[in-house]
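Here are some notes for a colleague who is opening this structure for the first time. Please keep the view at hand while reading the points.

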Amino acid sequence: MNNLEKRIFDSQPDLFALDTAIESCEKSKDGWAVTLDKTIFFPRGGGQPCDKGSINGLEVKDTYEENGKIIHILPSPAEPGAAAHCEIDADTRRGHMAHHLAQHILSAHLTAMLGNDTKSAAVTCRLGHIELPLPLTAAEISLVEKAANKTVKYALPVKTYYLTPEEASKKAVRGKITPHEMIRLVEIEGFDINACGGTHCRNTADIGQIVITGYKEVRGLFRIYFKAGKAAQNELEGRTEALISAQSDLGCETTDELSQKAENARNTINELERQVSHLKKALFENDLERLRLSGEEAGDFLFSCFKAASSDPKHWKSVCKTYTESHKAVCFLALESENGVTVMALRSKGKEGPDMGAYIKRLAQALGGKGGGSQVDAQCLLPLCPESLEAFGQEACQIRKELNK
Ligand SMILES: [Zn+2]
């Protein structure tokens with residue numbers, strides 16, 4: 001029996017139990033790595049998780065492919081040659097089959113209707129996603145969903161078969177073919193051919209329903225989420241309830257009104273984000289000026305030292321960095337907030353100059369605070385009490401003395 005014949009899930013994706021034999025068993029880092037004479041367990045890969053299930057009543061913790069062999073991970077050893085009764089979780093498998101075939105249908109329509117070719121896709125038994133190079137409007141998403149559900153209703157038979165790369169190249173295959181000795185094609189009769197190793201329903205009607213549930217941008221690609229089969233039914237049932245509840249929360253009488261309110265909210269958020277960005281820039285410039293004005297000459301450096309009320313050390317760090325890059329300067333700041341006193345010590349880079357890390361370390365140790373850093377950039381958090389500010393003042397005197405030496 002060759003390796004392809006062992007893959008029972010290829011030709012019989014709806015076979016949920018199988019009696020076969022243990023072929024080999026070896027200790028592995030996750031348990032016992034078992035191979036079978038033939039298997040119904042799909043090994044994870046190609047954007048599809050592995051099956052859940054058991055062999056002789058023992059839970060299969062993982063199934064994957066390694067050097068052409070399908071490895072099943074069991075919690076205890078099995079005897080090679082012994083009988084193996086395999087069962088896989090039917091609901092999980094059906095979910096994978098429905099979502100994978102739904103993905104083929106959606107991808108085929110996205111290419112045919114909009115020239116938007118799928119870059120990558122993945123499914124679980126409850127949700128799938130497709131990543132696309134071009135964004136879609138809500139209207140386009142709705143059109144593609146409708147077309148996909150028509151294809152479901154047409155009840156087109158689905159065939160799968162292996163071909164050599166040469167034979168496969170003669171077929172009208174959608175998408176790229178990853179080079180392999182044998183190529184597995186999934187053909188939806190009269191509609192689409194795609195190279196794929198996953199498990200799929202035998203007929204488009206078996207999917208029942210496809211629902212696109214949402215979208216977002218991920219790493220520069222437009223990702224749509226979808227549900228198929230039972231998961232899609234549940235989604236639709238939940239959708240009405242969620243819609244009515246959202247409408248009620250926002251005092252809307254119709255879905256149109258809800259859409260309008262959502263659009264208004266988005267516009268308001270965009271405007272607020274623009275204003276916040278503008279204010280942040282102004283605050284940055286203002287605080288940079290504060291550092292500049294407070295700088296007193298100390299040796300070769302300009303020494304800026306003050307207390308400020310702030311719960312945003314990141315902001316101050318960024319301001320101090322900009323300042324110490326454009327001036328030969330030392331910044332020593334105490335930022336008070338309800339979390340404590342953040343003491344920040346930065347100086348311009350270079351060999352000469354006080355060791356900021358040493359000052360901060362000493363402060364933190366003396367007051368039971370936390371922190372540290374390098375010679376040019378250090379920070380600590382001290383408890384919020386008068387002693388912290390007193391110690392800050394003392395260290396500031398020490399730094400000034402060192403600079404003036
Ligand atoms: Zn597939």
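1. Strand β17 (residues 329-337) is mostly covered, with eight of its nine residues buried, where buried means under 20% relative accessible area, exposed over 50%, and partly exposed in between (1.4 Å probe, protein chains only). Helices (H or I, at least four residues) and strands (E, at least two) are DSSP runs, numbered from the N terminus.

2. This is a predicted model, in which local features need pLDDT of at least 70 and side-chain atom pairs count only at pLDDT 80 or more, while totals for chains, interfaces and linings use all residues. Residues are numbered from 1 along each chain as its sequence is written, and side-chain values use heavy atoms, with hydrogens and water left out.

3. On one side, β17 is joined by eight bridges to strand β18 (residues 340-347), and the two run antiparallel, forming a hairpin with two residues between them. Eight bridges also join β17 to strand β16 (residues 301-309), here in parallel, and Leu 302 stands opposite Ala 329 in β17. Two strands pair if DSSP finds at least two bridges between them.

4. These strands belong to an open sheet of six strands with mixed pairing, in the order β15-β16-β17-β18-β20-β19. The edge strands, each pairing on one side only, are β15 (296-298) and β19 (370-373). Between β19 and strand β20 (residues 377-382) there are four bridges, and the strands run antiparallel; Lys 370 has Leu 381 in β20 as its bridge partner.

5. Which helix lies across β15, β16 and β17? Helix α7 (residues 255-294) does so, running at about 125 degrees to β16, whereas α8 packs on the sheet and touches β16, β17, β18 and β20, its direction making about 20 degrees with that of β18. Contact means heavy atoms within 4.5 Å; axes are lines fitted to C-alpha atoms, for helices over the stretch in contact, and angles run from 0 to 180 degrees between N-to-C directions.

6. Two loop residues deserve a look at the backbone. Most residues other than glycine have a negative phi. Asn 67, in the loop between β5 (62-66) and β6 (69-74), has a positive phi near 50 degrees, and it counts as exposed because its relative accessibility is 78%. Arg 219, in the loop between β13 (210-218) and β14 (221-228), has a positive phi of about 45 degrees and is exposed at 67% relative accessibility.
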